[in-house]
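Subject: Structure handover

Hello,

My notes on it follow below.

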Amino acid sequence: MRSNQHGASRVSHDVQRSLSKIISELKDPRIGLMTSITRCEVTRDLKECKCYISVLGDEDATMKGLESARGFIRKQLAVSLNLRNTPEIEFIPDHSIAYGVDMSRRIDEVMEQDRKKNEESI
């Protein structure tokens, strides 16, 4: 059972790498240049794949572009990977990078306020 989990992880990594390449080569102007795949989760039976997408720019337009190109992307994935089944792809927006940037900004603001408070007390 443990080796099956390792195999699923390897397949997910291979799918992520292939999808990143395929998406970067798409000609659709709706898909932003700064679109990246943060992770992929492929089911054990290789029927479904959740693909988490991070977008710097217009997220709605990028997601619509990816949805309209889903069939083409799946076909290219089948060509690039030799799998028993080519998974159905579900694109999910990933806001974790934007959240991290926002939290970092907030921490910097608090640190700056603390620094000013320490300077005033001296």
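One definition first: buried means under 20% relative accessible area, exposed means over 50%, and partly exposed lies in between (1.4 Å probe, protein chains only). By that scale Pro29 is exposed, because its relative accessibility is 78%.

The ground rules are these. This is a predicted model, in which local features need pLDDT of at least 70, side-chain atom pairs count only at pLDDT 80 or more, and totals for chains, interfaces and linings use all residues. Residues are numbered from 1 along each chain as its sequence is written, and side-chain values use heavy atoms, with hydrogens and water left out.

Pro29 sits in the loop between helix 1 and strand 1. Helices (H or I, at least four residues) and strands (E, at least two) are DSSP runs, numbered from the N terminus. Pro29 and Gly65 are 36 residues apart along the chain, and their C-alpha atoms are separated by 8.1 Å. Gly65 is one of the buried residues of helix 2; the others are Ala61, Thr62, Met63 and Leu66.

Gln76 belongs to helix 3 (residues 70-80). Gln76 is partly exposed, at 27% relative accessible area.

Leu46 lies in the loop between strand 1 (35-42) and strand 2. Its phi is near 60°, a positive value in a residue other than glycine. Leu46 counts as buried, because its relative accessibility is 9%. The C-alpha atoms of Leu46 and Arg105 are separated by 40 Å, with the residues 59 apart along the chain.

Salt bridges

How many salt bridges does a search of the whole structure find? The search gives 12. The criterion is a side-chain nitrogen of Lys or Arg within 4 Å of a carboxyl oxygen of Asp or Glu. Side chains of opposite charge can pair when their charged atoms come close.

- Arg10 with Asp14: the closest N and O atoms are 3.3 Å apart. Both residues lie in helix 1 (residues 2-24), four residues apart, about one turn of the helix. Arg10 is partly exposed, at 49% relative accessible area.
- Lys21 with Glu25: the N to O distance is 3.9 Å. Lys21 counts as exposed at 54% relative accessibility, while Glu25 is partly exposed at 48%.
- Asp102 with Arg106: the closest N and O atoms are 3.3 Å apart. Asp102 is partly exposed at 23% relative accessible area. Arg106 is also partly exposed, at 45%. Salt bridges that share partners join Asp102, Arg105, Arg106 and Glu109 into one network.

Rings

The structure holds zero aromatic pairs. For that count, rings of Phe, Tyr and Trp (its six-membered ring) pair if their centres lie within 6.5 Å; planes under 30 degrees apart count as stacked, over 60 as edge-to-face and the rest as tilted. A charge does sit over a ring, though: Arg39 lies over the face of Tyr52, at 4.0 Å from the ring centre. The test is NZ of Lys or CZ of Arg within 6 Å of the ring centre and within 35 degrees of the ring normal.

Surface patch

Leu33, Met34 and Leu56 form a nonpolar patch on the surface, with about 420 Å² of accessible area together. Patches are made of residues with over 30% relative accessible area and no salt bridge; like charges are joined within 9 Å, nonpolar side chains (Val, Leu, Ile, Met, Phe, Trp, Tyr) within 5 Å. Areas come from the Shrake-Rupley method with a 1.4 Å probe, and for residues only the protein chains shown count as cover. Leu56 is exposed, at 63% relative accessible area. Leu56 is placed in the loop between strand 2 (48-55) and helix 2 (59-68).

Best regards
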